[in-house]
Every structure is written in structure tokens, then in C-alpha cells.
Amino acid sequence: MASALFLFSLCGCDLIDYHPYDTRVKGRTDINAKEIVRIESACAGKDTIRFAFMGDTQRWYDQTEDFVKEINKRSDIDFVIHGGDISDFGMTKEFEWVDNIMKKLSVPYVALIGNHDVIGNGIQVYLKMYGDENFSFIAGRNRFVCLNTNSLEFDYSHPVPDFNYIKSQINDTTSAYDRTIVAMHVQPYGEQFDNNVAEPFQYYLKMMKGLDFCIHAHIHRLHEEDIFGDGVMYYACASMKTRSYMVFTLYPDAYAYEVVSY
Amino acid sequence: MRMKSYLINGLLCLSFCAGAMPSDQAKPTLVGEPAATDSLHTRICPIDSLPCPDGKTSLHERYVSNYERRWYKLIPRYQKVQFAGSMGFMSFGTGWAYWKDRMESDVFLGFIPRYNDKHAKLTFTIKQNYIPWNLPIGDSRWSFDPLTCGIYMNSILDKRFWRSEPDRYPDNYYKFSTKIRFHIFAGQRITFDLDGSKTLHQSVSLFYEISSCDLYIISAATNRYLKPKDYLSLSFGVKLNVF
């Protein structure tokens, strides 16, 4: 009994867990919106933007922790994009474990929603902690459109991909940007994607101002492909398990990318 | 089956004809009928003490006695209320003690408040406890269980959670169940004997447990990053012993 009181005083409420799927978020909320403010102000007026792209942290906490240390050793990265599958089982604590690691980044980061983040009631945790499942931001003269493409996790009552959102991005003429980059967790023709609308999806994406390329996670391995044969490249980063990430450098008229292993 | 019932009827008839029916004073008390000594045990198992003229109870009486004793065992012996423990915010349960009270089997209904979800959720838990030792504390009415341990299975009662993957997924897509969790626990317990004549319950126990569930254990086993505070769960509870 005394040891129980000792434990309780030592760890306090940390040890009180109501349920793995209780959605009781104790840490940060609305992360993407807060980080986007940092990204947009830090990148405003910059010609060249360099960002790191990683994803599928899932159950690889040690590797993710090392990734953060690697990025913090560099001074040339403007921000990090997490391509989704923050959690492995959609449990509330998993999201907090990953943010507790990722918030130690010296640069801002945003996270997309992956299929593993939807299962159970994981999506409710994502919505609370990170915000809307579709979001966009501006970095320098570049617009990033981040989309929920995990169609298999939803029924028809929940539009994935959300064409109304995509259209709102096409029609946005108020922001000043020259290039659009689309990020998603699952690529067209992936088993999660609503492949009945793969071509219309691409059709709409190409209507975005200056669509340059797309990035995605989900397949856990490095990959590049001109999926629709129309010159729009889709780049995939490997999972955190492989201890690697991608770095994209956006010049005014061109872009370059490299893969970094650590 | 039919033969057996004929046989039993025949034997009962024989014992009746032989005048083996109990006398008026020893008429069996019916279950539920208020008796002079109104304790639960005497009401339900009166037949043990029934004398027969030849000093033996009749076959029927022994049959009824065993029958009642068997059902009697199914009456839950205690109530439990448990806070936290990864099985709900609060769980309310009941259960059975057996094997010299070293084993306890509980069933719980719990609830998880809404928090950031669309609605609150109910949980159902079945729990198996092993209590190897019960140590009296001096001559006091207190006693101490230095170890309680066991396993429990928790199910979240919500249609978004599945026991096995819905058909829309390719085979072996997620390879786990979002609905069913398996937990292991260890804890301690202290019991105070109440004065049964003035209280509803015979005794009351307070306990605490440290537990973890399958998915937490898998996560912890593959990462140095996760510390005990991440994957262990502390819970508290009260057990009210009816008899």
C-alpha cells in the first residue's frame, strides 16, 4: 500500500490511464495550425526553401528520436513534413509519444493523417491534436496542399479525397505563390486510395497553380514514379524503420531532392 | 434421460409409500420464503439439516440439496468498483471467489467519458485474479493480501471498433483487433472485517494494481524510448464482500 502511494506521488497522473482509446489528450493541441504560423513567418521572403520529408513513425520511436537528433544537427532545413501513420494502432498515447519526440525538432513540423491514424477512434485524436484532415500552407513562394487520401478507412458519408477541399485550393487566388506541391499519405492506385477517382483526382490536382510534384508515405520504401505518365512525379519516403528521410530543395525555377540515411 | 426420470419418480414414490416424508416440523423451507433465522444460507440450503425417520435424507431431498448448492455457487459473492486501469474511467463489477478464496473471477461494465471522441463509450471486462496469500494483521480486524495478480480481457462496446478486420480490408491488413485488449496486472489489497450485524457487507477491501495491455507491451518491448510511466497503468478499487 505504501508503495502504491509512493508510485502515485512519483508519477502522479501519468500512470492513470482510462483506456488506450479514451481520446484523453493531455499534450499539445491544434499542432499543425501553430506550426504553420512558424513555417510561414520563417519562410516569408525566402527564394530557396529546404524541407525534410519523412513518415510512418508508427512503432519506431527510437528511430524517430534519432531522426530528430539528425535534423537538429543541421541548420539548412526550414521545416519537416510528416507524411502520416503517426501511430501504429490509433491509440491516444501513441500520438502523444510521437509529438513528444517531434516537438523537440528545432524547426517546425506538420503531420498528415495516415490510415493507421484513423482506426478505432484515432481520427478523433488526430483532429484534436493536429487539426483538419486537409490543410495547406505557404512557404516562401510555394503552396503545400496536404490531403487525406485514406479512402478505405471511410464510407461514402465522408469524402476522401475531398474534392470540395481540392477545388477550394484551385480557386484560391488570394495567396501569393508560384508553385504547388501536394502531399498525401496514400498515393493514387494504392490499396487505400479510392481508385475509382484516381484520374479525376489527378485532373483536379493539375488545375492547381504551378503543380510541380507530389509526395507521399505509406509504402514504407523509397519510390519515385510518374504514376499517370503526365510528367507529375510522385515521390515516396521510406518508413522511420529504415532510418532515412528525404530532403527537398525548392529553387525558384527548379527543385532537387536527396535521400539521407542516418 | 426418460428412463432416468422414471427411475427417479419410482424411487420418490417408494420413499413416499414407505412414509419417508419429513414430518410437519421438518417441512423444507422454500427458497425465498422468510424463515425465522433469516440468513441467506439457511434460507437457501435448509435441506442439509433435514432429518429422515431412518436418519437419511431421501433421494429427492439430496437431489434438491445438491441442485440448490450448485446454483448457490453461482450467486456473485462480492461487488467491485475499479478506477482507471485501461479498462474504463470507472468500472463496476461483481464476481465469484473459489479455491479457498485464492481465485476470483470478475465481470465489469465500465465507461469512458467522451473526451475528444464523438460520444462516451461502454466497456466490458472479464478478469481472473489469483491471490496466493491472505495474512491477518495481528489480532485486528485487518488482513493483507501481499500479492494479487492475473489477467483481464477488455472489450470496447462501440461499432467503430472491430474484433477482426471488416471484409473491406485485404487479408491480414492490420493484424490486430481494435476492440479486444488483453491486460496483465499485479497489485496488493487490504481487507477490513465489518460487523456483519450492523452493515450490509461482511468485509471491505481496498486495492491497487499496476497493469499493462498487449499493445502497450508490444510498443515497449521494441523501443528503449518508452519508459514505465508510458506503458504502465495504475488503478485503484474497492471490493465489497457480501458473504
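This is a predicted model: local features need pLDDT of at least 70, side-chain atom pairs count only at pLDDT 80 or more; totals for chains, interfaces and linings use all residues.
B:F111 belongs to strand β3 of chain B, which covers residues 103-112.

**From chain B to chain A**

Now colour the two chains separately and turn to the interface. Here 42 residues of chain A are in contact with 53 residues of chain B. The size of an interface is often given as the accessible area lost when the parts come together. For chains A and B, the buried area is about 4100 Å², and carbon and sulfur atoms give 62% of that area.

**Chain A as a whole**

Chain A contains 11 strands and seven helices. Among its 262 residues, 61% count as buried. Of the contacts in chain A with a separation of 6 or more, 73% are between residues 24 or more positions apart.

**The sheet of six strands**

Select strands β4 to β9 of chain A. They form an open sheet with mixed pairing, in the order β4-β5-β6-β7-β9-β8. β4 (135-139) and β8 (223-225) are the edge strands; each has a single partner, so one side of each has no neighbour in the sheet. From one strand to the next, the twist averages 20°.

Zoom in on β4 and β5 of chain A, where β5 spans residues 142-147. The two strands are antiparallel and pair over five bridges. Within this pair, A:S136 is found opposite A:V145.

**The sheet of five strands**

Next, select β1, β2, β3, β10 and β11 of chain A. This open sheet also has mixed pairing, and its order is β3-β2-β1-β10-β11. At its edges are β3 (109-111) and β11 (255-261), each with a single partner strand, so one side of each is left without a neighbour in the sheet. Ignoring direction, neighbouring strands are turned against each other by 20° on average.

Two strands to examine here are β1 (residues 49-54) and β10 (residues 244-250), which run antiparallel and are joined by five bridges. A:R50 has A:T249 in β10 as its bridge partner.

**The nonpolar cores**

In soluble globular proteins, nonpolar side chains tend to be buried together. The largest nonpolar core here has 78 residues, and those touching the most other members are A:F67, A:F79, A:V80, A:I81, A:F137 and A:I215. Select A:F137 with its surroundings: beyond four places in sequence, the residues it touches include A:I36, A:I39, A:F79, A:I81, A:V110 and A:F144. A second, separate core holds 20 residues, among them A:V186, A:M208, A:C214 and A:V232.

Finally, select A:C237 and then B:C213. A:C237 counts as buried, because its relative accessibility is 0%. B:C213 is likewise buried, at 0%. How many disulfides are there over all chains? The count is zero.

Methods. Residues are numbered from 1 along each chain as its sequence is written. Chains are lettered from A and ligands numbered from 1 in the order in which they are written. Side-chain values use heavy atoms; hydrogens and water are left out. Two strands pair if DSSP finds at least two bridges between them. Helices (H or I, at least four residues) and strands (E, at least two) are DSSP runs, numbered from the N terminus. Axes are lines fitted to C-alpha atoms, for helices over the stretch in contact, and angles run from 0 to 180 degrees between N-to-C directions. A disulfide is a pair of cysteine sulfur atoms within 2.5 Å. Buried means under 20% relative accessible area, exposed over 50%, partly exposed in between (1.4 Å probe, protein chains only). A nonpolar core is a set of buried Ala, Val, Leu, Ile, Met, Phe, Trp, Tyr and Cys residues joined through side-chain atoms within 4.5 Å. Contact means heavy atoms within 4.5 Å. Buried area is the accessible area (1.4 Å probe) that two parts lose on being put together, summed over both.
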